[in-house]
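Student: Hey, can we go through this one together? I'd like to just ask things as they come up.

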Amino acid sequence: MCGIVAYIGNNQACPIVIKGLQRLEYRGYDSAGLALLQNNQLNIFKTKGKVSDLEQFISTKNTESTIGMGHTRWATHGVPNDVNAHPHYSGSKNIAIIHNGIIENYAVLKEELIKSGHSFMSDTDTEVLVHLIEEVQKNDQCSLEKAIQEALNEVTGAYAIVVMDKNDPDTLYAARKGSPLVLGIGKDEFFLASDATPIVEYTKNVVYIGEEEMVVVNRNNGFTLKTIQNVEKTPYIHELELKLEMLEKGGYEHFMLKEIYEQPRSIKDSMRGRLNAIDNTIKMAGVKEFEHKIINANRILIVACGTSWHAGLVAEYLFEDLARIPVEVEYASEFRYRNPVINENDVLIAISQSGETADTLAAIKLAKEKGATIFGICNVVGSSIPRETHAGSYTHAGPEIGVASTKAFTAQVVVLTMIAIYIAFKKGKITESRYHQLIIELDKIPDKVKHVLETTNEQVKQISDIYKDAHNFLYLGRGYNFPVALEGALKLKEISYIHAEGYPAAEMKHGPIALIDENMPVVVVATNQSAYEKIVSNIQEVVARKGRVIAIVTKADDTIKSLAEHVIEIPETEEPFSPLLSVVPLQLLSYYIAVALGKNVDQPRNLAKSVTVE
Ligand code: F6R
């Protein structure tokens, strides 16, 4: 949550910082601010609202400066307003800070600082940190760098911070623990940001700042990397693969629609170099090294949150069905606090688009301490989760900017599917011919997704118009498509604010059936597979109570056509791959309903893309 950007160099900082904040707005968008060093003054401009409101706010102001930093906020401590927006000043206004994360012991620190004479303008934990830095500097008569280190050693929680000093127009100080921070190295200029998206336009050379590391960037002397315990580190300079066009809407009205439509390509990218339908093999470098651990695992534990948890549920079906390995899927937030039984023979798979989700990170750390092998499935290269794992596979879906996850989900499912097929074969649980058959069909999925997009888009749009004013939706699915029902309901809730519940279809009679009447749209994923007859019966039960059925079916399904009010057809595929097709019309349905209701599709209220707080 929250995005931070800073610049120092020979160019104007303000436009670079504002553009960077726009790229990071997916991380939070309730208030935004900017600090600039101008004629020996440290000036802060901030306002409630989006980055566009900040842009408007500064449009009549002098923003000349070649050093500056900005912040887009997702409120944790203190309501979203002008005062709580970042940057925050120290008491003397000589120091300013931007911060992404949470200072957990801020209340105790604040009390002590108040006793020492500090007074605070905002309700934020961040303001406490900048006052603490100033207090340490005053008491110890030390450099700002030393004071930042000491203050950071006193705080608990998570942070990515950038600090500016009124008396030093040539230096930016930054540090991180638990929240991401990237340094961009340009020609005579430097960038700091929560991810590489604000940087890629100016340089491909970046350093991912590590846990409890600090970087001091000087206009004339370059940068030094050290730990917050002051131990010097050798930086590793990565070359970014990210391309600028990946960060733009490319003619689509919303990032979410663009990302839904990118799926044939993003799924292919997830398979590239791994699935080879010519020589009929799956090769995954990340899996190879630890395959014996997975093959011999007592069980696989999967931890994730939200949509990634739904991908984990699909994986439970895949690994148990194909590879016959017991799987437990758990919300990372529950797992980390319930004293779970874990041992060295367990493999824990953590799934995360952002690679930054605080609960998932904490679950990984816990399982690692207890000796489990940790495997990560993440989308954002260089993010925190891949650094904490023993091995892993990136999903290579490309940047996902719409807050509601779409292409990241299908990429996660594809990667998990390839791993499950590979392990199943290596473990001798599927024959060579079945292995080849699955590979050949999986290779066809990108084209089938393309077909779903081409053939269902208009129909889904019309259905959206009919049901946009419903107050509740029920989503039903069985087997591999039960997680898809959950995912469809989550998408609708997130962006249209309509209450929706996902259920295993057979569970409906144990409660939710009481909700069904002529006002209840019921979306049923009813592809022609193992529990087909059962799901037809479930549809009949809904129809008998006048529920309005929108069914996702396999092509040429006359039985369901005669029962359901709307039938959306998708192509036939192997049952384990059906979530990759059936989820697509549900993504479109939520998208078009939200658009019809005039909601902010890409930045739904109260949400942020990267949940770095628990
Ligand atoms: C839903 C959504 C969230 C995320 C969840 C986990 O559309 O985006 O539910 O899936 O916050 O995030 P990651 O995958 O980044 O760990």
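Student: How far is an oxygen atom of the ligand from a polar backbone atom of V403?

Tutor: That distance is 3.3 Å. Keep in mind that this is a predicted model.

Student: Okay, and which residues are closest to the ligand?

Tutor: S308, S352, Q353, S354 and T357 are the closest, out of 15 residues that surround the ligand.

Student: What about the side chain of T357, how far is an N or O atom there from an oxygen atom of the ligand?

Tutor: 2.4 Å. For the side chain of S352, an N or O atom sits 2.6 Å from a ligand oxygen.

Student: Switching topic. How many residues does the largest nonpolar core have?

Tutor: It has 91 residues, and F319, I349, F473 and Y475 have the most contacts inside it.

Student: Which helix gives the most to this core?

Tutor: Helix α14, spanning residues 407-426, with twelve residues.

Student: And where does this core lie relative to domain 2 and domain 3?

Tutor: Between them, because domain 2 (248-443) and domain 3 (451-602) both give residues to it.

Student: You mentioned I349. What does I349 touch?

Tutor: Leaving out residues up to four places away in sequence, I349 touches I300, L301, I302, V303, F319, F375, I377 and L416. There's also a second, separate core of 30 residues, with A32, L54, I199 and L247 among them.

Student: Now strands. In which sense do β12 and β13 pair, parallel or antiparallel?

Tutor: Antiparallel, over six bridges, with β12 covering residues 213-218 and β13 covering 222-227. The two form a hairpin with three residues between them.

Student: What stands opposite V216 in β13?

Tutor: That's T224.

Student: Is A556 buried or exposed?

Tutor: Exposed, because its relative accessibility is 65% and the cut-off for exposed is over 50%.

Student: What is phi for N606?

Tutor: About 65°, a positive value although N606 is not a glycine. N606 sits in the segment after α19 (578-596), and at 62% relative accessibility N606 counts as exposed.

Key:
Residues numbered from 1 in each chain as written. Predicted model: local features only at pLDDT ≥ 70, side-chain atom pairs only at ≥ 80, totals over all residues. Heavy atoms only, no water. Pairing = 2+ DSSP bridges. Helix = DSSP H or I, 4+ residues; strand = E, 2+ residues; numbered from the N terminus. Core = buried A, V, L, I, M, F, W, Y, C linked by side-chain atoms within 4.5 Å. Buried < 20%, exposed > 50% of the residue type's maximum accessible area, 1.4 Å probe, protein only. Domains from an automatic or database assignment. Contact = heavy atoms within 4.5 Å. Near = heavy atom within 4 Å. Polar contact = N/O pair within 3.5 Å; in protein donor to acceptor, adjacent residues only side chain to side chain.
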